Amino acid sequence: MSKTNNSKAIKTSIGGQAVIEGVMMRGPKKTALSVRLPDNTISTEEWATPDGNKWYKKTPFIRGIFNFVESLTCGYQSLMKAAEKAGLDDEDAEPSKFEKKMREILGDKFMPVLEGCILVFSLCMALFFFAFLPTTIVNLLKGHISHPLFLSALEGLTKIAILVIYLATISNMSDIKRVFMYHGAEHKTIFCYENGEELTVENVRKYTRFHPRCGTSFLVIVLLLSILVSSLVSWDNVWMRVGLKVLCLPVIMSLSYECIKFAGRHDNLFTRILSAPGLWTQRLTTKEPDDNMIEVAIASMKRVIPENPNEALF
């Protein structure tokens, strides 16, 4: 079921992220993380959402990069907290010699430094697979294909193929599949709230798991815009091409952010076309949740809804 026609329907800025056995919801004032514990109870903690009224978080075509970095950091921290709550962080395990040495050197800064390193490594891997690898592969065909637009189109198709194969592969892993089910619960819960219905399992269950303001849609728009931008970059030197594409990323991400914001505020033919590729991709990154997962998403959502609903509007 898609959005219903409801006189109480609203366009909310509340968003979220699926984590290990849980859901993080981010509202205008509060951010909440709800996790299903091993004893089947739900643990929910909340903290203040960073001030969103600063000029660089409100100015169009500038706010995108800052909000993206903030969301990425918050999401990663929530993921680590969820893993610990769900019992995946084995505190009784014997640390390696390297870990012991690093803890001696860094002290209380060990975990923040470790998390930072993991985040940087993840970003480097993303750049490798979606910036360097496709360009390198297509560059091998320059002797057979000379037109730069054809090369750029083939490079774009390679990026899309890598993304689809990656998502299709991990979606079949049991642990990742459960995260994708929580992802579906997050979307359905937000849709229920946007349609002005009471947040109950029965009400949430009937809504679609595909939402236009999803991070998956953002990623797909980034990918599509990068293909357009890449068509303007020279193929004379592979390293120069990769470097220029990396330098263009902040601009691409800012434009993608504005596209997602626009699609979240409007429902017309243009936004449906704009949202379509991301919604199709969400068939891989979201799964239908069970009722227990919906309960977790509702618990998180209820904590971030402001007393004045207007504060959560676009």
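Predicted model: local features only at pLDDT ≥ 70, side-chain atom pairs only at ≥ 80, totals over all residues.
A residue counts as buried when its relative accessible area is under 20%. The buried residues of helix 8 are Thr216, Ser217, Phe218, Val220, Ile221, Val222, Leu223, Leu225, Ser226, Ile227 and Ser230. Helix 8 itself runs over residues 215-230 and has 16 residues. From its first C-alpha to its last, helix 8 reaches 22 Å, close to the 22 Å expected at 1.5 Å a residue.

What do the buried residues of helix 8 pack against? Their partners are helix 2 (63-85), helix 4 (110-139), helix 5 (148-170), helix 6, helix 9 (238-265) and helix 10 (269-285).

Now step back to the chain. Its secondary structure comes to eleven helices and four strands. The C-alpha atoms fill a box of roughly 60 × 60 × 40 Å along the principal axes. For 314 residues, a compact globule would have a radius of gyration near 20 Å; the chain has 21 Å, which agrees. Of the 314 residues, 39% count as buried. The accessible surface comes to about 17,200 Å², and 63% of it belongs to carbon and sulfur atoms.

Next, the interior. In soluble globular proteins, nonpolar side chains tend to be buried together. The largest nonpolar core here has 24 residues, and Leu199 and Met301 touch the most other members. Strand 2 (22-26), helix 6 (174-194), helix 7 (201-205) and helix 11 (291-304) each supply at least two residues of this core. Helix 6 gives the largest share, eight residues. Take Leu199 as a guide. Not counting residues up to four places away in sequence, Leu199 touches Thr189, Cys192, Tyr193, Val204, Ile298, Met301, Lys302 and Ile305. There is also a second, separate core of eight residues. Its members include Ile221 and Leu225, along with Ile252 and Met253. Both Ile221 and Leu225 are among the buried residues of helix 8.

Is Leu284 buried or partly exposed? This residue of helix 10 is partly exposed, because its relative accessible area is 22% and buried means under 20%. Leu284 still has partners. Leaving aside neighbours within four places in sequence, Leu284 is in contact with Val164, Leu167, Ala168, Ser171 and Phe180. Phe180 is 104 residues from Leu284 along the chain, yet their C-alpha atoms are separated by 8.3 Å.

Charged pairs complete the tour. The structure holds 17 salt bridges. One of them joins Glu45 to Lys85, with the closest N and O atoms 3.3 Å apart. Glu45 lies in strand 4 (residues 42-48) and Lys85 in helix 2, so this pair ties together parts that are 40 residues apart in sequence. Glu45 is partly exposed at 25% relative accessibility. Lys85 is partly exposed too, at 24%.

Glu197 forms a salt bridge with Lys206, and here the closest N and O atoms are 3.0 Å apart. Lys206 is partly exposed, with a relative accessible area of 34%. Arg272 and Asp267 meet in another salt bridge, at 3.1 Å from N to O. Arg272 counts as partly exposed at 47%, whereas Asp267 counts as exposed at 53%. Finally, Arg26, Lys57 and Glu70 are linked in a network of salt bridges.

How values were computed. Residues numbered from 1 in each chain as written. Heavy atoms only, no water. Core = buried A, V, L, I, M, F, W, Y, C linked by side-chain atoms within 4.5 Å. Buried < 20%, exposed > 50% of the residue type's maximum accessible area, 1.4 Å probe, protein only. Contact = heavy atoms within 4.5 Å. Expected span 1.5 Å × (residues − 1). Rg over C-alpha atoms; globule rule 2.2 N^0.38 Å. Areas by Shrake-Rupley, 256 points an atom, 1.4 Å probe, with all protein chains shown as cover. Salt bridge = Lys/Arg side-chain N within 4 Å of Asp/Glu carboxyl O.
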